[in-house]
Structure formats: structure tokens, C-alpha cells
Amino acid sequence: MRRAKITGVGHAVPERVITNRDLEKMMDTSNEWIVSRTGIEERHWVTEGEGTSDLAIRASRNALHQAEIDPREIDLVVVGSLTSDYFFPGVGNQLQDKLGLDTVPSFDIKAACSAFIYALSIGDQFIKTGQANTVLVVGAEVQSTALDISTEGRDMSVLFGDGAGAVILQPSNDDTGILSTHLHSEGKYLKELWCEAPASRFNPRLSPEMLAEGRQYPKMNGREVFRNAVTRFPEVIQEALEANHLTLDDISLIIPHQANLRISQMIAKKLGLSMDRLFSNIHKYGNTTGASIPIALSEALTEDRIHSGDNIILAAFGSGFTWASAAIRW
Ligand code: COA
């Protein structure tokens, strides 16, 4: 069976930078608390009128440029996103239109912080089976417009940022490419990290009463998320290794979803790795949900952290709970 290979990577973030000091002016928090608990120093937030699709199109154009292909070569668009511009349709449809892709199929995957790996896995299957030859896979999010930036919402609002990353998948003609993907979920934890409204189980989907109660804001049981994340990340990385008969010595870089520096440090400790084996850029972007892995991949390449023939592992954990990994030979 043929293998899919990443032939172009790109990312984009909004221009507006929000530092921890900026947050200190909005709520009762401190740079010291945020840096010590999360490793985050600043994040990018959209400005009025800027949507997820705007970031997605910029990231996609950068990936297309790197792959040196014309957008019309794309025959499938898959976007991992929790935060489509509108309730429906999805970002994929907007992206498909903005790239002038005629009637090419496009859709969104809602798998929170694991969405990019879920989307990558779908693109991989389409290439493997010969149903597609060039797939645009995107992770794109605008979380900032959903956050409660008062002191009441500080446990969540200091964590998240906006951004997008994109890759082009094409058939590989050698032994490089996506070696495996592993996807998991455990829906019993859905309320540990969730956003209740607007929702189809309410009529109207969002009422003034719900707004007054703050039910439109994402909520999280931080400790429960942390506890599960530091178990599932190492587990799904080991699963990728075993499936490919590899050991950690064969892996030059692990790119974890950028949830929290302390989670990455715990993953490194559990795997017996030094932190330089795990990519981190959370200090600049915060947690960009489904966008964090392709943004990190894009920066890892720019920083020359990945070379031809290297084995790397992408790994994610997030709301749902969902978790996933992808092993890639570059
Ligand atoms: N600034 C200042 N204080 C804050 C704060 C903020 N932004 N957010 C919460 N606090 C306060 C709380 O009100 C609480 O105060 P209290 O003890 O007086 O009640 C205290 O800090 C909690 O501190 P602590 O128990 O040390 O928090 P923590 O070590 O559990 O860290 C998280 C909180 C959210 C950083 C941590 O639980 C975490 O990283 N969880 C995983 C989050 C994550 O990655 N989610 C996304 C997954 S995809």
C-alpha cells in the first residue's frame, strides 16, 4: 500500500500579541503564576472581524508555497477545528472556496486538541487507498473570542491562543512518510473540558439567561485534564513506537500538542528523555488547540530540528477526552 508524505508545511498567527502583563491588566493574575504553572509568556489573539478561516487560508498558502504546488492540485481538504467561523458550515468549506477548489470535498473534524492528528490520519487513509493524491490538512483555531477574560475565567483564559498550521500530503515514492497513526477517545470525560453553549440541545441555543450564567465559556477541571494527559501522552507515544518496531533512540524529535510546559516536562520524565527531545514553543503561542501541532511542526522545520530520514512522533491529548499519535519518517 502506498504511503503518504508531508511535502509542505506552513503556519500563521494573528498579529496581535497578548503578553502575560497585558492579562494582568484584564484580570487578577500574574506573569509569575502563568509562567510557573504553564510556561506561557505570550499568545496571539485575533482582532475584531478576523476568523479561523483567515488564519487557515494564510497557513495553507504557506504550506502550498513550500510544497511548490498549485492549489488546484488539491483533491481533498480536511480541517481539524473546534472553532469554525460560523456554527455551520465548517472552515473546510470556506477554505475550499477561498482556494478556488471548484467542487473538491472539504470538511471539519471536531476532536479538540487531537484534531490535527485525527485530520492527518484521515488524509493518510485517502492517500493510502488511492482516493486522493494531494490532501490539504489544516489545524486552525480562534479560541480568544470564547474566553472569559475576567478574574472568574482566569484559569482558562490565560492558557489559550489563536493560530493555524497546515500540511500538504502527497504519495511517497520511497520509505519516508507517515508510518502510522493511532487515535483514541474516552467520552465519559467530556465535561472535564467542555463548552456547553450554544448547543442544539437548547432552544434557543443560546439565551440571555445562559449568557448571564457564563455557560458560553469553556470550562475545565485542570487537575483531571493534567492527570489524564500525562498518562495518555506517553502511552500513545509508546503505541506508535511498538507499531513500527522502533525505540525512543530511533526518534529524533517528539512534537507534543502544546498544552502546558509542565505536561511536556512530565511526558519527558516518564519517557526518560531530556527536554531537548520534545519540541516546545508554548511560551510564544499558548495552547492553540488543534493548531498547535502543525504550528510546532512548521517552526521545528524552520529551526532545522528535523532532517531528511529522521523519525519523529506527533502526539496530542485534549477535550473529549481524545488523544492520538502519528509516527513520521521525514
Ligand atoms: N492566575 C492566578 N491564579 C490563578 C489563575 C490565574 N490565571 N488560575 C487559577 N488561579 C488560582 C486558582 O483560583 C486557585 O486558587 P486557590 O488555591 O486560592 O483556590 C489556584 O490558582 C490553583 O492553583 P494550583 O492548584 O497551583 O493550580 P494548578 O497547579 O492545578 O494549575 C493549571 C492549574 C490549569 C495550570 C493545571 O491544572 C493544568 O495545567 N491543567 C491542564 C490544563 C491543560 O493543559 N488544558 C488543556 C489540555 S488540552
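Student: In which helix is Thr38 found?

Tutor: This is a predicted model, in which local features need pLDDT of at least 70, side-chain atom pairs count only at pLDDT 80 or more, and totals for chains, interfaces and linings use all residues. Residues are numbered from 1 along each chain as its sequence is written, and side-chain values use heavy atoms, with hydrogens and water left out. Helices are DSSP runs of H or I with at least four residues, strands are runs of E with at least two, and both are numbered from the N terminus. On that basis, Thr38 is found in helix α2.

Student: Is Thr38 buried or exposed?

Tutor: Buried means under 20% relative accessible area, exposed means over 50%, and partly exposed lies in between (1.4 Å probe, protein chains only). The relative accessible area of Thr38 is 2%. Thr38 is therefore buried.

Student: Which backbone nitrogen does the side chain of Thr38 reach?

Tutor: Contact means heavy atoms within 4.5 Å. Leaving aside neighbours within four places in sequence, Thr38 is in contact with Leu159, Asn260, Leu261 and Ile282. At 3.0 Å, the side chain of Thr38 reaches the backbone nitrogen of Ile40.

Student: Which element gives the most residues to the shell around the ligand?

Tutor: At least two residues of this shell are supplied by each of α2 (31-38), α6 (154-157), α8 (222-243), α9 (261-271) and β12 (311-318). With four residues, the element that gives the most is α8.

Student: How far is a nitrogen atom of the ligand from an N or O atom in the side chain of Thr29?

Tutor: For Arg37, a polar side-chain atom lies 3.0 Å from an oxygen atom of the ligand. Arg154 likewise has a polar side-chain atom 3.0 Å from a ligand oxygen atom. For the side chain of Thr29, the distance from an N or O atom to a nitrogen atom of the ligand is 2.6 Å.

Student: Why does Phe126 count as partly exposed, and at what relative accessibility?

Tutor: Phe126 has its place in helix α5 (residues 115-128). Leaving aside neighbours within four places in sequence, Phe126 is in contact with Leu76, Gln131 and Ala132. Phe126 counts as partly exposed because its relative accessibility is 25%.

Student: How many Å apart in space are Phe126 and Ala4, C-alpha to C-alpha?

Tutor: In sequence, Phe126 and Ala4 are 122 residues apart. In space, their C-alpha to C-alpha distance is 8.9 Å.

Technical notes
Polar contact = N/O pair within 3.5 Å; in protein donor to acceptor, adjacent residues only side chain to side chain.
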